[in-house]
Amino acid sequence: MLMDIREKIRGWIAYVIVGLISIPFALWGVGEYLGGGKEQPVAEIEGEEISARELDQAFSDRRQQMIAQSEEQITAEMVEEMGLKRQVLDQLIDERLLVQFIGEQGYQVPDGLVAATIRGISAFERDGQFDRETYQRRLAQQGMTVDQFENDMRRDLLFSTLDNALIGSAFVTEPEVRQLVALRDQMREIGIVRLDRETVAAGIDDPDESTLEAYYEERVEAFQRPEQVRLSYVEITPEKLAASQEISDAALQSAYDDYRERKADEAVRRARHILIQVPGDADAATVDSARERLEKAREAIMEGEASFEEQAAELSDDGSTRDDGGDLGRVGEGEIGESFDRAVAALDEGEISEPVRTRFGWHLIEVYEVSQAEVPPLEEARGELIEQLQQDAAESAYYDAAEQLASVSYEQPDSLVPAAEAVGLEIETSDWISREAGEGIGEHAAVREAAFDEAVLEERFNSQLVELDGSHGVVLRVEEHREAQPLPFEEVRDKVLAQWRAEQIEAEVAELAEAIEADLAAGKDPAERVADVEAASWTPVQWYGRGDATDEMPAEALSAAFGLPRPGEGAASATTTELSGGDTAVVVLSGVRAGEPAELDGETRNQLAGQLENNQANRLIDAFMRSLRAEADVEIRESALD
């Protein structure tokens, strides 16, 4: 397979590269982890090592990326369940394999292309031109040398220029597109019987006390205070280390110089606009008409027939600025849209843009003032700069401090005081924590596991450093321990009753759903079947597509229906599923109708073909990487992933 790919390759797959280059290339060549002695690598690829520190840094970067992109809280337990650390290691291994493969094939990037690419990076410019002093200073701030950065850029360019080999070999036939449309646009005739849990619950009487007490005695272990511990611990994060980081006057002055330069490059633009609103689903004629109105307004302004303010008052759909001549004042980046920001940035004082499209409609923009941003003196910026420098220093110091914390707490296992003093952190205490739950530091499953480790619980030794969320660790010890203890019936009676009722409700709903499902699958009329069942309601069959969920046809029921086998002629398929609100639904499928490829327009057909080509390319990429793995000598130290 590798020979076939080599014949085709002029570049390489963007898909794999996007995933791989997200792991910073600056990690290459990182030395020993946290100092002190030769560390064991976590993996070796054809004799080339991946260090524990490299893996930890890449893992931390990926976790932070997930946190930034997710609208939900990402916990350590979620990260562990995802196997994120193993995923990151696999990507590091794949990166090594790719680099080795590329090196074996002799691919190179010309020095001129590397230089041109670097010169095109705006962060290295001064007064609109590449500035070598700025370039070197920016790299130094990131802890990189020029050689490191240029080598990384060369590797990045090499990957990006090898982006068509497998993608270019993927192709899609018309029958494949037709098959996709038949499945994608498939319609199903579905009805549901909804079983209302509250109605079922209302029909169940509470048991007498003797029954409830007998239920408690049979399950007494379920109604006990669990085994618990109370901990003392030292928690280490860059945030906790930041306050103790000393910042020299030279470092502060350097940071201020960079800050002043950034501020000096920031031009403050004040603008006014005329907005013609265009709905997102507007047809082409409506869109063109709005643009033409602004083009005529621009022409009138440019020829002196009217002022911008007069045209705004007459035409603009922005009620908040129309009476002020469309005045937006200082325009902040991201307030309206990327295309709007680009247009404003490109205009000099007094210039008027061509019509600009955003999600709101069409805009005509005039920049009426351009001024430089105000740069506060060092004394005013001192607090903010020191805070940022301390945070940066703490992040750099974290691994050394974490290693010191781990080392001292191991060498002096009977107390946390020496370890806390060594890193300048406080000893904190927890509330009672069980094996299954806790608050504060006890929310972390890794903390609870460490707390009930035999050496920590029985021998009362300090724990090892417990890694939580990337740059976040804790060393702990057990201060108090209490065994599990059954709670008296009187204290947990309400909980016992609630559990008894929950079991009764669950059993009755399941029995009812099973009976209804069997009858409907046998062809019994659904309306007749549930007519005398108070907790059941029938939603008659209708045709639904895969994305047609409604209040009457919940997404869970729709998904279950599309998982059912096609029923025979005149028959029905049925299944039972749980709904998000707690109710249960018996889903009935009575017909299946394939999507119609003939109804596709050319644009949609091309989009679907592109999706199929991407899927094929992804499969080829996976096969290529598996082939590289199979032919390479890859050793992984599994214990390093624990």
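Below are legends for several close-up views of this predicted model.

The model is predicted, so local features need pLDDT of at least 70 and side-chain atom pairs count only at pLDDT 80 or more, while totals for chains, interfaces and linings use all residues. Residues are numbered from 1 along each chain as its sequence is written, and side-chain values use heavy atoms, with hydrogens and water left out.

View 1. A salt bridge here is a side-chain nitrogen of Lys or Arg within 4 Å of a carboxyl oxygen of Asp or Glu. By that rule, the count comes to 35 salt bridges. Helices (H or I, at least four residues) and strands (E, at least two) are DSSP runs, numbered from the N terminus. Arg86 has a relative accessibility of 30% and counts as partly exposed, and Asp90 is partly exposed too, at 25%. As for the terms, buried means under 20% relative accessible area, exposed means over 50%, and partly exposed is in between (1.4 Å probe, protein chains only).

**View 2. Glu309 reaches Arg272 in a salt bridge.** The N to O distance for this pair is 3.6 Å. Glu309 belongs to helix H16 (residues 308–315) and Arg272 to strand S8 (residues 267–277), so the pair ties together parts that are 37 residues apart in sequence. Glu309 is partly exposed, at 34% relative accessibility, whereas Arg272 is buried, at 12%. Elsewhere, salt bridges that share partners join Arg86, Asp90, Asp94, Arg629 and Glu638 into one network.

**View 3. Arg219 and Glu218 pair up in a salt bridge.** Here the N to O distance is 3.1 Å. Arg219 is partly exposed, with 28% relative accessibility, while Glu218 is exposed, with 61%.

**View 4. Three strands make an open antiparallel sheet, in the order S2-S1-S20.** Two strands pair if DSSP finds at least two bridges between them. At the edges are strand S2 (48–50) and strand S20 (634–636), each of which pairs on one side only. From one strand to the next, the twist averages 15°. Strand S1 (residues 43–45) pairs with S20 over three bridges in the antiparallel sense, and Ile45 stands opposite Val634 in S20. Helix H5 packs on this sheet, touching S1, S2 and S20, and its direction makes about 155° with that of S2. Contact means heavy atoms within 4.5 Å; axes are lines fitted to C-alpha atoms, for helices over the stretch in contact, and angles run from 0 to 180 degrees between N-to-C directions.

**View 5. Four strands make an open antiparallel sheet, in the order S17-S5-S19-S18.** Its edge strands are S17 (536–544) and S18 (573–578), each pairing on one side only. The twist averages 20° from one strand to the next. Strand S5 (residues 187–195) and strand S19 (residues 584–593) run antiparallel and are joined by nine bridges; Met187 has Arg593 as its bridge partner in S19. Helix H22 (residues 489–521) lies across S5, S18 and S19, at about 20° to S19. Helix H24 (residues 555–562) lies across S5, S17, S18 and S19, at about 130° to S5.

**View 6. Phe124 and Tyr135 form one of the aromatic pairs.** Rings of Phe, Tyr and Trp (its six-membered ring) pair if their centres lie within 6.5 Å; planes under 30 degrees apart count as stacked, over 60 as edge-to-face and the rest as tilted. The structure holds nine such pairs. The ring centres of Phe124 and Tyr135 are 4.8 Å apart with the planes at 70°, so this pair is edge-to-face. Both residues are buried. Phe124, Phe130, Tyr135 and Phe149 form one aromatic cluster.

**View 7. Two arginines sit over tryptophan rings: Arg482 over Trp432, and Arg593 over Trp543.** A charge sits over a ring if NZ of Lys or CZ of Arg is within 6 Å of the ring centre and within 35 degrees of the ring normal. Arg482 is 4.1 Å from the ring centre of Trp432. For Arg593, the charged end is 4.3 Å from the centre of the Trp543 ring.
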